[in-house]
Amino acid sequence: MLFVTTYDLASQVEARRLNDLVARLRPRINAGAVVLEDERYEVLADAFRASLGLSYPVCLADPATRQGRGPFGRVDRVPTLVVLDRDGVPVWRKEGLAS
């Protein structure tokens, strides 16, 4: 799970890197991106996915997630990548660009 904003260059870079990884490791991994912006910017989330050619879903965060009360806790920096195991349990987290 990748947490991003549509206007952040590092988020765009990380989203493309994740897309490349998904293509190389398919069907072994799945991915999705959560845009940490208000609902009024939904059109930007769609444009983010389309303009970067992402093969995975991109959605807007709900208010609880944006406020740090969601299942992933506070996300203070974008991009933030969270790796989940097959049961959906977070096993790794990286703030900023991952190598």
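Buried means under 20% relative accessible area, exposed means over 50%, and partly exposed is what lies in between (1.4 Å probe, protein chains only). With that settled, here's a look at the charged pairs.

This is a predicted model, so local features need pLDDT of at least 70 and side-chain atom pairs count only at pLDDT 80 or more, while totals for chains, interfaces and linings use all residues. Residues are numbered from 1 along each chain as its sequence is written, and side-chain values use heavy atoms, with hydrogens and water left out.

The structure holds five salt bridges, each being a side-chain nitrogen of Lys or Arg within 4 Å of a carboxyl oxygen of Asp or Glu.

| Pair | Closest N and O atoms |
|---|---|
| Glu14 and Arg17 | 3.7 Å |
| Arg40 and Asp38 | 3.6 Å |
| Arg74 and Asp76 | 2.7 Å |

Take Glu14 and Arg17: they sit three residues apart in helix α1 (residues 9-25), which puts about one helical turn between them. Helices here are DSSP runs (H or I, at least four residues), numbered from the N terminus. Glu14 is buried, at 4% relative accessibility, whereas Arg17 is partly exposed at 41%.

Note on methods: Helices (H or I, at least four residues) and strands (E, at least two) are DSSP runs, numbered from the N terminus.
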